[in-house]
Amino acid sequence: MANFKIKKGFDVKVIGKPKTHVEEYASQQLFAVYPSEFEGLKPRLKVKAGETVKRGDVLFENKKNEKMLFRSPCCGTVKAVNLGARRFPVEILIEKSAEEESVTFETYTRDSVGQLSREQVADHLLNTGLWPLIKQRPFNKIADPETAPKAIFINAANSAPFQADFSVVLKGDEDAFQTGINALAKLTEGKVHLCKTAGSDIPEFGNTESHTFAGKHPSGTTSVHINRISPILPNDTVYTVTAQDVVLIGKLLSTGELPRTKVIALAGPAVKEEFRQYYKVEVGASLEPLLSKSLEGDEVRVINGNILWGGKVANDTAVPYYGSEIFALEEDRSRHLMGWTMPGLFQYSSHRVNLSSVMGLGHEWKLGTSMHGSHRAMVVTGWMDKFQPLNIMTDFLVRAALAHDTDEMIQLGILETDPEDFALASFVDPHKTDVCGIIKRGLEEIEEEGI
Amino acid sequence: MKALFDFMDKNIGPLFEKGGKFERLYPLWEAGDTFNRTPGDVTPSAPHVRDSIDQKRLMIFVIYALIPCILFGIWNAGNQFNMNNGVEDATLMTDILRGASMVLPIIMVSYMVGGIWEVLFAIVRRHEINEGFLVTGMLFPLILPPTLPLWQVAVGVSFGIVIGKEIFGGVGYNILNPALTARAFLFFAYPAQISGDKVWVGTAKTAFDNNPIFGTVAENVDGVTMATPLAVAAAVEKGGDAIKAMADQGFTLFNMTMGNIPGCIGSTSVVAIVLGMIFLIATGIASWRVMLSGIIGCAAMGALFNVLPLDNPFAALPFVYHIVMGGFLFGIVFMATDPVSASATNTGKYIYGFLIGALTVLIRVANPAYPEGAMLAILFMNVMAPLIDHFVVQGHIKKRTAYARALNNA
């Protein structure tokens with residue numbers, strides 16, 4: 001148990017914070033599964049369009065590890081399998097049928113989970129399709145079931161606008177959460193760390209060591225937690241999993257069927273005020289009816305994630321496998337007259353060259369997606385490190401990644417990071433460098449070369 | 001306004017885009033277009049919002065910080081001319097007009113020639129026109145004597161932009177500060193026009209100089225001889241008193257702080273430079289670490305020379321003189337803080353700044369052949385900056401590995 005105070009950081013002040021009310025979201029007819037969500041996965045399809053599937057039937061498997069299965073979130077007919085580039089299945093659409101048939105799995109109680117061996121837990125999760133919820137560092141990829149991690153980090157913290165607040169998500173599922181923790185604890189010889197935001201009212205749980213993190217974003221990111229609690233050394237592996245996903249694992253174990261629902265936060269400046277709240281949604285269900293009535297604005301970008309990190313998704317997306325928040329903001333293609341010299345009262349900035357930041361306007365902003373400038377060659381100024389609590393010399397790490405210098409990247413600590421940790425560096429950079437993309441490529445290169 | 005922009009977007013913009021008639025000239029269109037209005041691009045991927053700062057704003061703010069130096073430099077050039085050519089009916093107005101007639105052509109040539117190179121390289125290498133040259137093109141004239149022939153300005157800025165910057169790939173890739181590279185080139189290639197005691201004050205030689213709007217000027221065949229404080233201090237004989245020798249020529253501490261003395265166009269007035277410095281630090285554009293440690297380094301080296309038993313009157317000068325004399329303060333505020341050529345680590349910035357200050361005094365005192373030590377000190381430290389950073393980064397790597405191991409063993 002330790003309390004950490006993160007000194008460096010920056011909170012993007014944006015309107016659209018969700019209320020802590022959780023609303024039941026009516027059941028949907030259309031479901032979707034996106035194999036593209038699993039980065040680096042080579043899926044082998046097990047279903048074709050027109051086939052009927054039971055809830056829990058295998059949709060596809062991992063070509064590289066055939067034990068890793070991905071199962072259907074609902075019972076019905078496969079409506080379509082849409083292929084993308086190189087015949088990669090981008091989405092599998094399933095129409096729900098009136099009658100429901102389910103595949104059932106073994107059930108466990110909070111305590112009987114503790115009697116299982118590591119292999120049994122891993123096999124059960126692989127078989128039921130929930131294993132991919134567990135990621136591993138370095139490289140932040142789906143955990144390798146064969147390597148035992150030195151520790152497992154459960155992220156129950158939130159700091160970016162607007163990550164789902166786990167204390168809201170958890171309500172009523174405390175038992176399932178504990179069951180999930182007990183299962184995870186079997187996967188490691190080391191500790192299970194539960195990392196919370198300071199001041200949140202998440203109770204203590206057995207089998208874990210809990211820590212609190214205070215401070216601005218990125219105090220809530222897993223990388224910061226690992227860096228402060230037990231940094232990754234060469235040849236180390238740690239597992240990471242978000243707290244919401246531990247609830248799903250717990251539900252699976254205790255009910256013996258795939259978890260039906262999860263809680264997501266819908267937030268952002270382009271969401272109508274009355275809809276900015278939490279929703280209990282069916283896993284995989286289409287969000288189209290909800291999004292179509294709750295978004296406002298001419299051209300809205302929907303993000304599976306928060307304002308700083310997450311992929312763009314379609315406006316009719318289904319509840320994704322990963323993530324517990326949807327953020328929406330307007331595409332801002334507006335052009336400002338002589339932006340280089342205007343006082344900048346109405347432009348949001350973390351630098352003191354805008355009057356808005358000098359005068360300390362503390363209010364929240366209706367931010368859009370504008371780049372606010374064009375791309376220029378990167379200059380190593382030390383600015384990218386301004387809000388970086390990780391001890392990694394961001395500018396030099398980015399430079400090493402640009403130069404494909406894998407040795408220096410590793411020495412500077414790229415293995416501790418995820419592209420997500422560079423979102424603020426991208427944000428503050430006046431040269432509009434795609435820092436996250438550069439780091440992502442750097443990590444891929446190291447992974448290819450092997451460390 | 002909007003109608004005009006719409007018209008341009010619809011009818012003129014496409015000519016420069018891919019497949020358009022003037023495709024190759026796209027950088028020109030882009031520069032003009034984004035000068036008028038910020039680009040309308042949206043973030044391609046996460047993070048989905050960006051700070052509203054961009055390089056244009058950053059660079060323009062450096063120019064804003066230079067305004068006191070520019071204005072003072074214009075007045076001072078005219079004032080020095082009128083004082084030393086015996087213009088009796090000189091007023092503030094004629095000072096400014098005279099100064100403007102000397103300084104503005106230099107600035108214009110610097111911008112035009114520098115701009116042509118920048119645009120040429122942008123078109124040939126197909127990158128966007130970088131705003132960095134706005135700063136280079138303004139810094140360079142400010143560190144020149146007001147009498148420099150315009151062709152030398154053109155040659156100098158060409159060397160600075162092409163050799164100092166563009167052959168490395170443009171702003172962000174260069175090793176040396178381009179403006180200082182340009183000046184160093186002129187200093188070694190044409191020393192007669194940039195050093196000595198005949199270049200700091202203009203001389204009335206031509207019919208143009210007798211133009212009545214500038215005041216009545218008598219023809220002055222011999223030229224005006226006015227040394228700079230640095231030259232005076234360096235010329236003091238052994239056993240002499242440098243402070244007195246300087247005060248005799250009018251170089252008191254007060255005058256040198258105010259800046260109404262002969263010297264480079266923009267770098268004589270401490271007051272104007274400090275105004276710019278406050279602006280740069282307040283807006284957070286330039287590194288206060290470099291400036292602070294530079295001034296400390298200069299003071300420390302000056303004080304060290306004071307206590308060393310050297311029979312050199314220049315060495316006996318109080319360190320305050322070193323800070324206000326010559327181009328040091330201008331250099332440490334505007335040149336040394338150039339983020340491309342300076343150290344990037346925080347520790348590195350302290351070392352880099354400190355050594356610039358110390359080296360400036362060392363060169364001034366120990367090597368009287370180059371009275372202006374700041375230029376060479378900054379260029380030398382530009383070269384050394386990557387090395388400093390290298391050692392800082394290596395030290396950091398050691399520390400972070402030790403930190404990780406300690407936490408894991410705990």
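**Reading cores, sheets and contacts**

Colleague: Which residues does Leu397(A) touch, not counting those up to four places away in sequence?

Modeller: Leu397(A) touches Ile392(A), Met409(A), Leu412(A) and Ile414(A). Remember that this is a predicted model.

Colleague: Which residues of the largest nonpolar core touch the most other members?

Modeller: The general idea comes first. In soluble globular proteins, nonpolar side chains tend to be buried together. Now the case here. The largest nonpolar core holds 238 residues. Those touching the most other members are Ile152(A), Ile154(A), Ile264(A), Leu397(A) and Ile378(B). Helix α3 of chain B, residues 55–84, gives this core its largest share, 13 residues.

Colleague: Is Ile326(A) buried or exposed?

Modeller: Count the C-beta atoms around the residue. With 20 or more others within 10 Å, a residue is called buried. Ile326(A) has 30 within 10 Å, so Ile326(A) is buried. Ile326(A) is part of strand β20 of chain A, residues 325–330.

Colleague: What is Ile326(A) in contact with, leaving aside neighbours within four places in sequence?

Modeller: The contacts of Ile326(A) are Ile264(A), Leu266(A), Val302(A), Ile303(A) and Asn304(A). Sequence and space can also be read side by side. Ile326(A) and Ile142(A) are 184 residues apart in sequence. From C-alpha to C-alpha, they are 22 Å apart in space.

Colleague: Next, the sheet. What is the strand order in the open sheet of seven strands in chain A?

Modeller: Read across the sheet, strand by strand. The order is β1-β14-β13-β12-β15-β10-β11 in chain A, and the pairing is mixed. An edge strand pairs on one side only; here the edges are β1 (2–5) and β11 (141–142) of chain A.

Colleague: In what sense do β12 and β15 of chain A pair?

Modeller: They pair in the parallel sense, over five bridges. Strand β12 covers residues 151–156 of chain A, and β15 covers residues 238–242. Look at one bridge: Ala151(A) has Val238(A) in β15(A) as its partner. Helix α4 of chain A, residues 222–229, packs on the sheet. This helix touches β1, β10, β12, β13, β14 and β15 of chain A. The direction of α4(A) makes about 135° with that of β12(A).

Colleague: How many residues does each chain put into the contact between chain A and chain B?

Modeller: Take each side in turn. Chain A puts in 60 residues and chain B 48 residues. On the side of chain A, β18, α8, α9 and α10 each supply at least two residues. α10(A) gives the most, with four residues. By type, the side of chain A divides into 27 nonpolar, 24 polar and nine charged residues.

Colleague: Which domains does the assignment give for chain A?

Modeller: A domain can be built from separate stretches, as in this assignment: domain 1 of chain A is 2–16 + 105–255, while domain 2 is 371–449. Their C-alpha centres lie 26 Å apart. Their contact takes 16 residues from domain 1 and 14 residues from domain 2. The domain 1 side has nine nonpolar, five polar and two charged residues.

Colleague: And how is chain B divided?

Modeller: Domain 1 of chain B is 19–36 + 54–218, and domain 2 is 228–261 + 286–410. Between their C-alpha centres there are 25 Å. Here 18 residues of domain 1 are in contact with 16 residues of domain 2. On the domain 1 side, α3 and α7 of chain B each supply at least two residues. That side has 11 nonpolar, five polar and two charged residues.

Methods:
Residues are numbered from 1 along each chain as its sequence is written. Chains are lettered from A and ligands numbered from 1 in the order in which they are written. This is a predicted model: local features need pLDDT of at least 70, side-chain atom pairs count only at pLDDT 80 or more; totals for chains, interfaces and linings use all residues. A nonpolar core is a set of buried Ala, Val, Leu, Ile, Met, Phe, Trp, Tyr and Cys residues joined through C-beta atoms within 7 Å. A residue is buried if 20 or more other C-beta atoms lie within 10 Å of its own, exposed if 12 or fewer, and partly exposed in between; C-beta atoms are placed from the backbone. Two residues are in contact if their C-beta atoms, placed from the backbone, lie within 7 Å. Ala, Val, Leu, Ile, Met, Phe, Trp, Tyr, Cys and Pro count as nonpolar, Asp, Glu, Lys and Arg as charged, and the others, Gly among them, as polar. Two strands pair if DSSP finds at least two bridges between them. Axes are lines fitted to C-alpha atoms, for helices over the stretch in contact, and angles run from 0 to 180 degrees between N-to-C directions. Domain bounds come from an automatic or database domain assignment.
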